[in-house]
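Work through the exercises below with the model in view. Try each task before reading its solution.

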Amino acid sequence: MDYLHGDVNNDGERNAIDAAEVLVYAAAIGSGAAPEVPDEYWLDRADVTFDDDVNSLDAAEILYLAALDGAGGAVG
């Protein structure tokens, strides 16, 4: 497993698109759906709070990490 936590779409950077994907997934789960994930590590990349639940807290953390990345303070 070699990926950046929060880089949900695995394009090499964390940004609002990743946060949006998490929110769409969380909304689907909340409505009772069972959304498919693109690959076996998607949930690992999306669960940046490490609480075994992909939700809006993960989206918020992704936005925070993206801001740090943009400011030159990238964290893994």
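**Exercise 1.** In which helix is glutamate 61 found? Describe its surroundings as well.

*Solution.* Glutamate 61 is found in helix H3; helices here are DSSP runs of H or I with at least four residues, strands are runs of E with at least two, and both are numbered from the N terminus. Residues are numbered from 1 along each chain as its sequence is written. The model is predicted, so local features need pLDDT of at least 70 and side-chain atom pairs count only at pLDDT 80 or more, while totals for chains, interfaces and linings use all residues; side-chain values use heavy atoms, with hydrogens and water left out.

Step 1: The scale calls a residue buried under 20% relative accessible area, exposed over 50%, and partly exposed in between, with a 1.4 Å probe and protein chains only.

Step 2: list the neighbours. Leaving aside residues up to four places away in sequence, glutamate 61 touches Val48 and Thr49, where a contact means heavy atoms within 4.5 Å.

Step 3: take a distance. From glutamate 61 to aspartate 7 there are 54 residues in sequence and 11 Å in space, C-alpha to C-alpha.

**Exercise 2.** How many helices and how many strands does the protein have? Give its overall dimensions too.

*Solution.* Step 1: count the elements. There are three helices and zero strands, and the pattern along the sequence reads α-α-α.

Step 1: compare with a globule. A compact globule of 76 residues would have a radius of gyration near 11 Å, and the protein, with 12 Å, agrees with this. The radius is taken over C-alpha atoms, and the globule rule is 2.2 Å times the number of residues to the power 0.38.

Step 2: read the extents. The C-alpha trace spans about 40 × 25 × 20 Å along its principal axes.

Step 3: look at burial and surface. Of the 76 residues, 32% are buried. The protein exposes about 4500 Å², and carbon and sulfur atoms supply 56% of that area; accessible areas come from the Shrake-Rupley method with a 1.4 Å probe, and for residues only the protein chains shown count as cover.

Step 4: sort the contacts. Among contacts between residues at least 6 apart in sequence, 52% join residues at least 24 apart.

**Exercise 3.** Are isoleucine 17 and valine 24 buried or exposed?

*Solution.* Step 1: isoleucine 17 is found in helix H1, and its relative accessible area of 51% makes it exposed.

Step 1: valine 24 is found in helix H1 and counts as exposed because its relative accessibility is 59%. Its C-alpha is separated by 23 Å from that of leucine 68, which is 44 residues apart from it along the chain.

Step 2: for a loop position, take serine 31, in the loop between H1 and H2. Serine 31 counts as exposed at 60% relative accessibility. Serine 31 and isoleucine 17 are 14 residues apart in sequence and 21 Å apart in space, C-alpha to C-alpha.

**Exercise 4.** Where do asparagine 10 and phenylalanine 50 lie? Give their phi angles.

*Solution.* Step 1: asparagine 10 lies in the segment before H1. Its phi is near 60°, a positive value in a residue other than glycine. At a relative accessible area of 45%, asparagine 10 is partly exposed.

Step 1: phenylalanine 50 is in the loop between H2 and helix H3 (56-70). Phi of phenylalanine 50 is near 55°, a positive value in a residue other than glycine. Phenylalanine 50 counts as exposed, at 59% relative accessibility.

**Exercise 5.** What is the volume of the largest pocket? Describe its lining.

*Solution.* Step 1: the volume is about 200 Å³. The 13 lining residues include Leu43, Asp47, Asp52, Asp53 and Val54, which are the closest to the pocket centre. Helix H1 (16-30) and helix H2 (42-46) are the elements that give two or more residues to this lining.

Step 1: apply the terms. On a 1 Å grid over the protein atoms alone, a cavity is a set of points where a 1.4 Å probe fits but cannot get out, whereas a pocket is an open set with protein on both sides within 12 Å along at least five of seven lines; lining residues have an atom within 4 Å of a point. Grid points are joined across faces, edges and corners, and a volume is the space filled by probe spheres set on the points.

Step 2: H1 gives the most to the lining, with three residues.
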